[in-house]
Amino acid sequence: KCRTFLLFTLEEFCDLLLSILIYFLFQSGVLALVVVAEHSGDFTKIIQLSERYPGFIFPCLGIHPVQSIPGGCERSVTLKDVEEAFPFIELYQDRLLAIGENWFGFYLRFASSDEQKEGQRQVLMKQIQLGKQLDLLLNVHSRSAGRPTINLLKEQGAEKVLLHAFDGKPSVAMEGVKAGYFFSIPPSIARSEQQKLVKQLPLESICLETDSPALGPEKQVRNEPKNIFIAAEYIAKIKGISVEDVFHVTTQNSLKVFPKLKNFLRI
């Protein structure tokens, strides 16, 4: 009997697991992954992944309103965090699909005071202006702040916007539609109020997303990119159209949102 032992460093083992994951994703019909940053500490790794898997992994770089600090603690984002991140973003601007993930969320414990809310507002404004300067889409997540987010985007003249996992009222979302913004719908639509949102939104303003490992169809169950099919199925049911039509229109919408993808995907 022959036994074979493979010896890996931890980094090599993680790389192997990633390669296996990407293989199975591709077999599931996933043609590309848009990888979004939350902290400047993510930037280098995301760029390295996009270099290792060109044409499959695409980077988005931005600053989240909650930043990690040593010891496992967190703090509110500051303008200094954003300003320190800008040179890196500008260096790789030609590779980026978007600026993000940007946040504006009043549910956070770091947005409990007027000062903290204004701090978030200033950080988002800075990233809006950078997106306009670099002609890049803004990937924005608002939590319990739908109307203030859309109002701020419009006030600042943002034109290229994807509102991720929008939890605001459908009537507020329609103001975003009038401004030309797109809304991405995750598999959590299976259990969320977003079903009401999808009913109101025109299909031409909808994209699909997974936000893995979060926002899956089941609460507290790890989400996977292949669950994007679940989001499409729910949208089809709500709209009374075929899943194929949902995929066709949302794919075209995604190519409008991320035009650089046209250079890599054969669709």
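Does Asp211 count as buried, partly exposed or exposed, and at what relative accessibility?

Tutor: Asp211 counts as partly exposed, because its relative accessibility is 26%; buried means under 20% relative accessible area, exposed over 50%, and partly exposed in between, with a 1.4 Å probe and protein chains only. Before going further, the model is predicted: local features need pLDDT of at least 70, side-chain atom pairs count only at pLDDT 80 or more, and totals for chains, interfaces and linings use all residues. Residues are numbered from 1 along each chain as its sequence is written, and side-chain values use heavy atoms, with hydrogens and water left out.

The starting point is a record. An unreviewed UniProt entry carries the annotation "binding site" for Glu101 and Asp211. UniProt positions are given in the numbering used here, feature names are shortened, and annotations may be inferred rather than shown by experiment. The two residues span 111 residues in sequence, yet their C-alpha atoms are not more than 11.0 Å apart, so they gather at one spot.

Asp211 is placed in the loop between strand E9 (206-208) and helix H8 (228-239). Helices (H or I, at least four residues) and strands (E, at least two) are DSSP runs, numbered from the N terminus. With neighbours within four places in sequence left aside, Asp211 is in contact with His164 and Asn223, where contact means heavy atoms within 4.5 Å.

Glu101 sits in strand E5, residues 98-105. Its relative accessibility is 6%, so Glu101 counts as buried. With the same exclusion of neighbours within four places in sequence, Glu101 is in contact with Val36, Ala37, Gly62, Ile63, His64, Asn139, His141 and His164.

The backbone on both sides of the site has some entries to note. Most residues other than glycine have a negative phi, and most peptide bonds are trans. The peptide bond from Gly100 to Glu101 is cis, with omega near 20°. The bond from Ser212 to Pro213 is also cis, with omega near 5°, and Pro213 lies in the loop between E9 and H8. Gln220 belongs to that loop between E9 and H8; its phi is positive, about 65°, although Gln220 is not a glycine. Gln220 counts as exposed, because its relative accessibility is 81%. Ala165 has a positive phi of about 50° and is not a glycine. Ala165 is in the loop between strand E7 (161-164) and helix H6 (170-178), and is buried at a relative accessible area of 10%.

Pro186 is in the loop between strand E8 (182-185) and helix H7 (194-200) and is buried, with a relative accessible area of 1%. Beyond residues up to four places away in sequence, Pro186 touches Gln194, Glu209, Thr210, Leu215 and Ala231. Pro186 and Pro59 are 127 residues apart in sequence, and their C-alpha atoms are 19 Å apart in space.

Pro59 is in turn touched by Ser50, as is Ile57, not counting residues up to four places away in sequence. Ser50 lies in helix H2, residues 43-52, and is buried with a relative accessible area of 9%. A polar atom of the Ser50 side chain lies 2.7 Å from the backbone oxygen of Ile47.

Helix H2 packs against H3 at an angle of about 15°, with the axes 11 Å apart. Axes are lines fitted to C-alpha atoms, for helices over the stretch in contact, and angles run from 0 to 180 degrees between N-to-C directions. Phe43, Thr44 and Ile47 of H2 make the contact with Ala85, Phe88 and Ile89 of H3.

Helix H3 (residues 79-91) also meets helix H4 (residues 114-134): their axes come within 10 Å and cross at roughly 15°. That makes H3 roughly parallel to H4. The residues of H3 that meet H4 include Leu79, Val82 and Phe86, and those of H4 include Val123, Leu130 and Leu134.

Notes. Polar contact = N/O pair within 3.5 Å; in protein donor to acceptor, adjacent residues only side chain to side chain. Parallel < 35°, antiparallel > 145°, perpendicular 65-115°, else oblique.
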